[in-house]
Amino acid sequence: MTAGDDPRAVDDPRAVDDPRAVDDLQGEDAPRPGDELPTLTIPITRTLIVAGALASRDYQDVHHDTEAARQKGSPEIFMNILTTNGLVGRYLTDHFGPRCTLRKVAIRLGAPNYPGDTMVLSGTVTEVTDGTAVVRVVGANGLGHHVTGTVTVGLPEGTA
């Protein structure tokens with residue numbers, strides 16, 4: 001199998017097998033308190049909501065059945081916290097690279113994510129110590145803040 005045949009092969013210099021992945025976060029690129037991460041815009045689709053619920057084995061009807069959601073007081077199905085948690089994790093690993101680890105995720109949900117909306121994730125590094133970075137994360141949609149919290153990220157060796 002050649003690199004072109006490998007479905008994991010990407011042009012991203014932070015790809016898992018790329019030795020530059022660790023180097024990208026050293027020196028001037030190392031995270032510092034106050035650094036703002038680039039935003040990530042996520043379209044909230046019905047498919048994303050239902051697939052996330054199924055993937056996390058959350059079979060609550062409010063995550064896949066519009067009529068049941070309405071009967072329970074919601075105008076539409078809405079995203080579950082496990083999907084949100086996964087999207088927050090993706091946001092951070094997209095930024096810090098595949099060799100980082102999520103050490104602690106402390107998030108709180110606010111406004112629901114409904115189909116047809118968009119969530120924009122943003123983050124600010126608040127602390128960097130002993131090979132970890134603490135990032136304040138906010139995910140906002142058209143109704144307000146969907147998710148807020150902090151995530152402690154273990155950085156690849158030699159990056160902080």
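Predicted model: local features only at pLDDT ≥ 70, side-chain atom pairs only at ≥ 80, totals over all residues.

**Surface, sheet and salt bridges**

The accessible surface of this chain comes to about 9,000 Å², and 50% of that belongs to carbon and sulfur atoms. Of the 160 residues in the chain, 41% are buried.

As for the overall layout, the chain has four helices and five strands, and from the N terminus on these elements run α-β-α-α-α-β-β-β-β. Among the contacts with a separation of 6 or more, 65% are between residues 24 or more positions apart.

Let me turn to the sheet, which is open and is formed by five strands in the order β1-β3-β4-β5-β2, with antiparallel pairing. Because β1 (36-43) and β2 (101-109) stand at the edges and have a single partner strand each, one side of each is left without a neighbour in the sheet. From one strand to the next, the twist averages 20°. Further inside that order, strand β3 (residues 118-129) and strand β4 (residues 132-141) run antiparallel and are joined by nine bridges, and here serine 122 stands opposite valine 138 in β4. Helix α4 packs on the sheet, where it touches β1, β2, β3, β4 and β5 (144-154), and its direction makes about 135° with that of β1.

Within helix α4, which covers residues 81-96, we find threonine 84. Is this residue buried or exposed? Threonine 84 has a relative accessible area of 0%, so it is buried. Leaving aside neighbours within four places in sequence, threonine 84 is in contact with Met79, Ile107, Leu109, His146 and Val147.

Finally, how many salt bridges does a search of the whole structure find? It finds three. In one of them, glutamate 76 pairs with arginine 46, the closest N and O atoms being 3.0 Å apart; this pair links distant parts of the chain, since glutamate 76 is in the loop between α3 (66-71) and α4, whereas arginine 46 is in helix α2 (residues 46-55), 30 residues apart. Glutamate 76 is buried, at a relative accessible area of 15%, while arginine 46, at 39%, is partly exposed.

Another joins aspartate 61 to lysine 72, with the closest N and O atoms 2.8 Å apart. Aspartate 94 also forms a salt bridge, with arginine 90, and because these two are four residues apart in helix α4, they are separated by about one helical turn.

Definitions and conventions:
Residues numbered from 1 in each chain as written. Heavy atoms only, no water. Buried < 20%, exposed > 50% of the residue type's maximum accessible area, 1.4 Å probe, protein only. Contact = heavy atoms within 4.5 Å. Pairing = 2+ DSSP bridges. Axes fitted to C-alpha atoms, helices over the stretch in contact; angles between N-to-C directions. Areas by Shrake-Rupley, 256 points an atom, 1.4 Å probe, with all protein chains shown as cover. Salt bridge = Lys/Arg side-chain N within 4 Å of Asp/Glu carboxyl O.
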